[in-house]
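Colleague: I am new to this structure and would like to learn how to read it. Could we go through it feature by feature?

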Amino acid sequence: MPKSTVHRILGPLLLWRLRHINDRVYLILVSVLVGTVAGLAAVILKGSVHTAQEWLYEWIPEQKRVFALFLYPILGIGLTVLFTRYVLDGQLSRGIAPIIYNIARQGSIVPRSKMYSQFFTSFLTVTFGGSAGLEAPISVTGAALGSNLGRLLRVGRRERRLLTGCGAAAGVAAIFNSPIAGVLFAVEVILSELSAPFFIPLLISSATATVISKAFYVGQPFVLITTTWPVEAIPLYLTLGVFTALLSVYMIRIYFLADKFFTTWPGAFRKVVVGGLILGGLVFIFPPLYGEGYNIVQLLLSGQPERLVDGSIFAVYRDENIWTLLLMAGASMLFKVFATTITIGAGGNGGMFGSSLFTGALLGFILARLINMSGLYPISEVHFVVLGMAGVLAGVIHAPLTGIFLIAEITGGYALFVPLMVVTSSSYLITKYYEPYSVYTRKLVQRGVVMHADRDRGILAQLSLLAFVQRDFVAVHPDDTLGELVDAFRHASRNLFPVLDDDMQLLGIVSLDKVRDALFDDKHYDTTRVSDLMSPPPAIINVEDSMLDTLHQLEEHDAWALPVVRKGKYVGFILKTTILAAYRRQLLKESD
């Protein structure tokens, strides 16, 4: 339906709304709509992926299945790349980070293409065994639906930001049947703040999506029934928290090293072939790396860890040596992040959310089994599996509350609340010490986008330095005479003059305040040069610098203006008053 037709139909309805429904009620109604649509999208994606996976698995005879699992990921990544190139015109920004950027720098306007691009590409990738999770694509799809429904229904900028978070929360809530975790995920990861009036729409959207999921699809992937935990095991829970933190740091660093490698590697289809073959080889040796890996987590929770080696070349040693099982679990745990980054780097689509749960579960099992084998203290392996999932998730995405409530909701392990708090808090604090930014935000921070900081930093991060550079400063040449400088003073509106050479390179500045006495020395008008009067600027700002860093430079040097350069060439000056005025305007806009 053409856009003009939609607006013509909605126009009278929106006008009626303005007359009869107040803004608060309207926002709640729209949040219900966002939760419904995002919940349906999550149910359809998750259900269709699982159905297609079962069909692909059963379609191949058992004796040939191991070779099919080797080739399927290559096919899935290849189809994803073709879809991206010929349907999306090569534009597919993966993961949660672009949504955070849309909120921080683009007024919560998420491209319409994200309402379907993440859905189809993640379906192709994960259906064919790509070693990544569906949570990030589902969350992005929900956020895009929330943002664009907000634009269509003419809500304000602030409300559109909230609806973007509502969509992301609804996606997570629907996929796990966990409404509280959905809300906390939106607050900790997507929005980074929560004002009291916005809590209700978030909760309503998340609850609506959960109802949709309950009605059409059983989204709760894991089941754990437990009633108690031993107080004596607290030191062991702290030990698990330390190990989950170390694993989280390892995963974040490997993820970005691999991302850097694939970014600089030329040739899209070369990536598909080489990356697909490496991924297929990993899956061939370690079958638990196939797909999301939630089936492996369920085996651990149901007390069947020995089945980890099923379908692998090590299956014949399953009953002979416990170390074979532990080595399989350990290798799968360490290689999962490689498998995920290869899946994404080679052209597939998915996220680290599910991979974090998978690796955390394996870490919990390994550590619990080793403790039990040592005779130190009899510990529940199932408890450690659950706690490991929460700890790694909290560390990798820097969201401890999401880790606590998600695991409690999806496993029914509310009795483990205190151990969950111990493990997630220790994991989060240690991980944040070594990796200040999460797997979602590290690259954004490197680009100068600040979301998870105080409000002032967040507002300044939304301002582009280049947009506020003042270019009306009169430039002078180092060979100009004092007389020519005096003439420039007469026609200038500023008392600061950049000194540029023939290539527009900034050599220094001349300040009227500092050369005032020389202006009256008319005997030297022809002999004194600008090069004799100029001085180095207190600091030089690059166009790539953030507004926050620029303001720090202005404050540190007690300057009212500093020159801005691009690759050494003069661009203009940035003024402290300009930054403060822009900050005030942005603050007022955020408060609308």
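Modeller: Start with one residue. S147 has 0% relative accessibility and is therefore buried, where buried means under 20% relative accessible area, exposed over 50% and partly exposed in between, with a 1.4 Å probe and protein chains only. Before going on, note that this is a predicted model, in which local features need pLDDT of at least 70 and side-chain atom pairs count only at pLDDT 80 or more, while totals for chains, interfaces and linings use all residues. Residues are numbered from 1 along each chain as its sequence is written, and side-chain values use heavy atoms, with hydrogens and water left out.

Colleague: In which helix is S147 found, and what does S147 touch?

Modeller: Helices (H or I, at least four residues) and strands (E, at least two) are DSSP runs, numbered from the N terminus. S147 belongs to helix α6, residues 135-152. Contact means heavy atoms within 4.5 Å. Not counting residues up to four places away in sequence, S147 touches S108, I109, V110, R160, L163 and T164.

Colleague: How many helices and strands does the protein have, and what percentage of its residues count as buried?

Modeller: There are 24 helices and 5 strands. Of the 592 residues, 56% count as buried. Among contacts between residues at least 6 apart in sequence, 76% join residues at least 24 apart.

Colleague: How do I read the packing of helix α10 and helix α14?

Modeller: Axes are lines fitted to C-alpha atoms, for helices over the stretch in contact, and angles run from 0 to 180 degrees between N-to-C directions. Angles under 35 degrees count as roughly parallel, over 145 as roughly antiparallel, 65 to 115 as roughly perpendicular and the rest as oblique. Helix α10 (residues 234-264) packs on helix α14 (residues 353-374) at about 140 degrees, with the axes 10 Å apart. That angle makes α10 oblique to α14.

Colleague: Which residues of α10 and α14 meet?

Modeller: From α10 come L236, L240, F243, T244, L247 and M251; from α14 come S355, S356, T359, L363, G364, L367 and I371. By class, this contact of α10 with α14 has 8 nonpolar, 5 polar and no charged residues. Here Ala, Val, Leu, Ile, Met, Phe, Trp, Tyr, Cys and Pro count as nonpolar, Asp, Glu, Lys and Arg as charged, and the others, Gly among them, as polar.

Colleague: At what angle do α16 and α17 cross?

Modeller: Helix α16 (residues 400-411) and helix α17 (residues 417-434) cross at roughly 150 degrees, and their axes come within 9 Å. The two are therefore roughly antiparallel to each other. In α16, P400, G403, I404, F405, I407 and A408 meet F417, L420, M421, T424 and Y428 of α17. By class, the contact of α16 with α17 has 9 nonpolar, 2 polar and no charged residues.

Colleague: Where do M504 and K567 lie?

Modeller: M504 is in the loop between β1 (496-500) and β2 (506-511). Its phi is positive, about 65 degrees, although M504 is not a glycine. K567 sits in the loop between β4 (561-566) and β5 (569-575), and its phi is near 55 degrees, again positive in a residue other than glycine.

Colleague: Are M504 and K567 exposed, partly exposed or buried?

Modeller: M504 is partly exposed because its relative accessibility is 39%. K567, with a relative accessible area of 77%, is exposed.
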